[in-house]
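Here are my notes for you on how the two chains meet. Keep the picture open while you read, and look up each residue as it comes along.

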Amino acid sequence: MIPTNEIELPVDQTLQVLRVVETIEELDDVQNVFHTMHISDDAMAALESEA
Amino acid sequence: MSGHSKWATIKRKKGAADAKRGQVFTRLTREIVMAAREGGAEVDSNFRLRLAVEKARSQNMPKENIERAIKRGAGESKDGAVFEQIYYEGYGPHGVAIMIDCVTENRNRTVAEVRHMLSRSGGTLGEAGSVGWQFNRVAYFAIPAAKAKFDTVFEMSSRSSPRWRVSSCSAMRCGRRKLKSRKPNCA
């Protein structure tokens, strides 16, 4: 599943959405989660520094 | 967190790791069950099943678990629960559209869990079809860059269908419907 349109969000909001996606992924019945957010390089960097 | 007992430490670490692995296995099992139910128990003739089994193997899932899952999907086992696949659609925080692919034996439980997670984060669960139009279903090929020349891959993709796109030097996408007719070329 590929979004036809991606949404750009500021870094902090991107991380927030990613965290939500992660909690959904952790549910037992869930196989895959797709979203329409674009993860910018800055957000990626922030995510890596966080981990 | 070591006190006097090493087991206490191991228990804490192993417990967490086991729980995580169990969750991965559950997910893999369900994918296999779905695949086997839709396309039969033959790994050779059921592409989706083969993919699921390969994925499970790569995660070190025991062979018995895989076989049991296939049997369950093909209806050879008496294990009662019937799984079905559903997509839930909704919006996460900041208006991000989210599609959630679920396999469940109890829709009511799943929908409650998903809705709870979404609404807790400031999102909403929408009607079927409210979000789906924002997505395209595509096939995804990852080709090891070391083994393939970029030119060959690019040529193959552009010859096969204009819908194919080479998204990076080692991966390309195409419309899902095209995949069936093109399978012999790219298998």
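1. Start with a network of salt bridges that links A:Asp29, B:Arg30, B:Glu105 and B:Arg109. A salt bridge here is a side-chain nitrogen of Lys or Arg within 4 Å of a carboxyl oxygen of Asp or Glu. In general, side chains of opposite charge can pair when their charged atoms come close.

2. A quick word on what you're looking at: this is a predicted model, where local features need pLDDT of at least 70 and side-chain atom pairs count only at pLDDT 80 or more, while totals for chains, interfaces and linings use all residues. Residues are numbered from 1 along each chain as its sequence is written, chains are lettered from A and ligands numbered from 1 in the order in which they are written, and side-chain values use heavy atoms, with hydrogens and water left out.

3. The side chains of A:Asp29 and B:Arg30 come to 2.6 Å, N to O. A:Asp29 sits in the loop between H1 and S3 of chain A and B:Arg30 in helix H1 (residues 6-39) of chain B, so this pair joins two chains. Helices (H or I, at least four residues) and strands (E, at least two) are DSSP runs, numbered from the N terminus. Both A:Asp29 and B:Arg30 are buried, where buried means under 20% relative accessible area, exposed over 50%, and partly exposed in between (1.4 Å probe, protein chains only).

4. What else does A:Asp29 hold on to? Its other partner to look up is B:Arg109, with the closest N and O atoms 2.8 Å apart. B:Arg109 also forms a salt bridge with B:Glu105, at 3.7 Å. B:Glu105 is partly exposed at 35% relative accessible area, and B:Arg109 is partly exposed at 31%.

5. B:Arg48 is in helix H2 (residues 47-58) and B:Glu38 in helix H1 of chain B, so they tie together parts that are 10 residues apart in sequence. B:Arg48 is partly exposed at 25% relative accessibility, while B:Glu38 is exposed at 55%.

6. Now for the interface as a whole. Contact (heavy atoms within 4.5 Å) takes in 27 residues from chain A and 31 residues from chain B. The two chains bury about 2,800 Å² between them, 59% of it on carbon and sulfur atoms; buried area is the accessible area (1.4 Å probe) that two parts lose on being put together, summed over both. On chain A's side, A:Met1, A:Asp29 and A:Gln31 lose the most area to chain B, together 28% of what that side buries.

7. Finally, check the strands. S3(A) and strand S2 (residues 97-104) of chain B run antiparallel and are joined by five bridges; two strands pair if DSSP finds at least two bridges between them. A:Val33 has B:Ile100 as its bridge partner, and A:His35 stands opposite B:Ile98. S3(A) is mostly covered, with five of its six residues buried.
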